[in-house]
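Subject: Structure for you to look through

Hello,

I am passing on the structure we talked about, and below it you will find my notes on what turned up. Please read them with the structure open beside you.

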Amino acid sequence: MNVSDRAYALFEEQQRARGIDLNQVRAQLQALAIETPSWGYGDSGTRFKVFQKEGVPRNPYEKFEDAAQVHQVTGLCPSVAIHIPWDKVDDYSKLKSNAEGLGLAIGAVNPNLFQEDEYMLGSVTNADPAIRRQATDHLLACVDIAKEIGSRDLSLWFADGTNYPGQGDIRKRKAWMFEALQAMYKAMTPSMRMLIEYKFFEPAFYHTDLADWGMAYNYACKLGPQAQVLVDTGHHAQGTNVEHIVAYLIDEQKLGGFHFNSRKYADDDLIVGSMNPYELFLIFYQIVSAANDDEAAIRSTVNNIAYMIDQSHNIEQKIPAMIRSVMNVQTQYAKALLVNHEEVAEAQSRQDVLGAEHAVRSAYECDVTPLLHAVREERGLPLDPMQAYLSSSYGKDILARGRGGASW
Ligand code: AFD
Ligand code: MN
Ligand code: MN
């Protein structure tokens with residue numbers, strides 16, 4: 001037995017003692033897929049400056065090439081989300097077949113309604129009907145793109161909001177938002193989903209038209225079963241119990257997807273799991289526990305959650321930052337799969353507060369390295385994806401692209 005086999009055998013024994021069957025855990029880990037965003041590979045910055053880096057993709061095709069590197073070493077990222085018009089191309093079927101050639105699929109289509117000058121005072125909520133029409137037409141154009149490339153999910157985030165009391169009519173804007181969403185919803189095919197994202201601040205600071213999960217949930221309910229809520233982990237006030245929101249939305253069959261990132265103060269582009277890995281673990285604990293629910297509809301909600309990264313890295317190397325991010329997600333998911341739910345339930349029924357807390361925390365405290373190695377080995381993936389990427393020549397080769405690549 002070599003070292004890694006010995007480590008795995010020991011791990012398996014420890015988990016057996018905790019009542020965990022690793023065969024099931026391994027199958028669940030093999031099924032994990034995390035979408036990466038095309039905009040995470042381009043140049044980005046703060047609101048003060050977009051930094052131009054050497055080697056950044058110059059077009060959507062090159063963004064997919066970089067994304068393929070992340071998938072190649074991690075085996076976790078078979079699809080890439082696109083942002084329109086940032087990833088606008090003449091021929092979407094060509095973009096699709098190119099992606100397929102790289103072993104990738106095009107994932108969620110993200111309409112962009114915050115780039116044009118017209119949208120300064122709002123897009124779908126603008127007081128000018130012509131601007132609202134323009135914004136709605138863009139949403140409809142994105143449905144057509146999704147049809148052409150066979151994407152299931154349309155992810156919607158709006159920069160709409162106001163900076164001053166009285167600047168806009170909040171109730172009118174609410175109705176206008178619904179009108180636009182409804183027009184889009186009606187244009188979708190039965191297999192498509194609309195994922196509605198919320199954010200309580202930025203770029204508007206007095207009010208945001210879609211400020212929290214309750215507003216997103218309300219629109220999703222009014223629209224119908226193909227509309228669900230997207231939880232961007234960085235879009236909450238400090239101290240918000242995100243896993244509670246997750247559990248609640250799953251229970252209402254309204255959780256459609258995640259944008260993973262980490263938010264320290266106001267920015268949400270930091271690497272997921274870098275600052276608060278326990279929160280990420282607790283989010284997955286809720287998901288894993290719902291995955292075992294008696295009700296089929298709850299299980300199906302969980303099985304259809306779209307896991308996506310939403311990060312644009314400014315000071316990090318872009319491809320390694322994406323690798324780090326998806327590995328952090330995989331690690332916390334692996335730990336959550338080690339929770340013994342019977343032990344938790346028994347402690348809960350005894351009203352044993354510390355016993356229940358221990359049952360959850362003890363899974364987090366397991367070192368899952370041997371498990372992740374085994375899962376990677378099973379698929380012929382490098383045991384250390386980061387090291388595999390860094391020791392390849394890809395990072396150096398792309399420097400030939402020069403500076404001044406695509407930016408958001
Ligand atoms: C911005 C928003 C939001 C959105 C993303 C892509 O904060 O997270 O998902 O752009 O549109 O980062
Ligand atoms: Mn987001
Ligand atoms: Mn964001």
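Which residues are around ligand 1? They are His83, Phe114, Trp157, Glu197, Lys199, Asp232, His235, His259, Asp268 and Asp310, where a residue belongs to such a list if one of its heavy atoms lies within 4 Å of the molecule.

Before going further, please keep in mind that this is a predicted model, in which local features need pLDDT of at least 70 and side-chain atom pairs count only at pLDDT 80 or more, while totals for chains, interfaces and linings use all residues. Residues are numbered from 1 along each chain as its sequence is written, chains are lettered from A and ligands numbered from 1 in the order in which they are written, and side-chain values use heavy atoms, with hydrogens and water left out.

The shell around ligand 1 divides into two nonpolar, three polar and five charged residues (Ala, Val, Leu, Ile, Met, Phe, Trp, Tyr, Cys and Pro count as nonpolar, Asp, Glu, Lys and Arg as charged, and the others, Gly among them, as polar).

Donors here are N, O and S atoms within 2.8 Å of the metal (3.2 Å for Na, K and Ca), and water is not among the atoms, so sites may look incomplete. Histidine 235 lies in the loop between β10 (227-232) and α8 (242-251), and aspartate 268 in the loop between β11 (255-260) and α9 (277-291), so this pair ties together parts that are 33 residues apart in sequence. Helices (H or I, at least four residues) and strands (E, at least two) are DSSP runs, numbered from the N terminus. The manganese ion (ligand 2) is 3.9 Å from the manganese ion (ligand 3).

Finally, there is the backbone. The peptide bond from isoleucine 84 to proline 85 is cis, with omega near 20 degrees, and proline 85 is in the loop between β4 (79-84) and α4 (92-101). Glutamate 202 and proline 203 are also joined by a cis peptide bond, with omega about 0 degrees, and glutamate 202, although not a glycine, has a positive phi of about 65 degrees.

Best wishes
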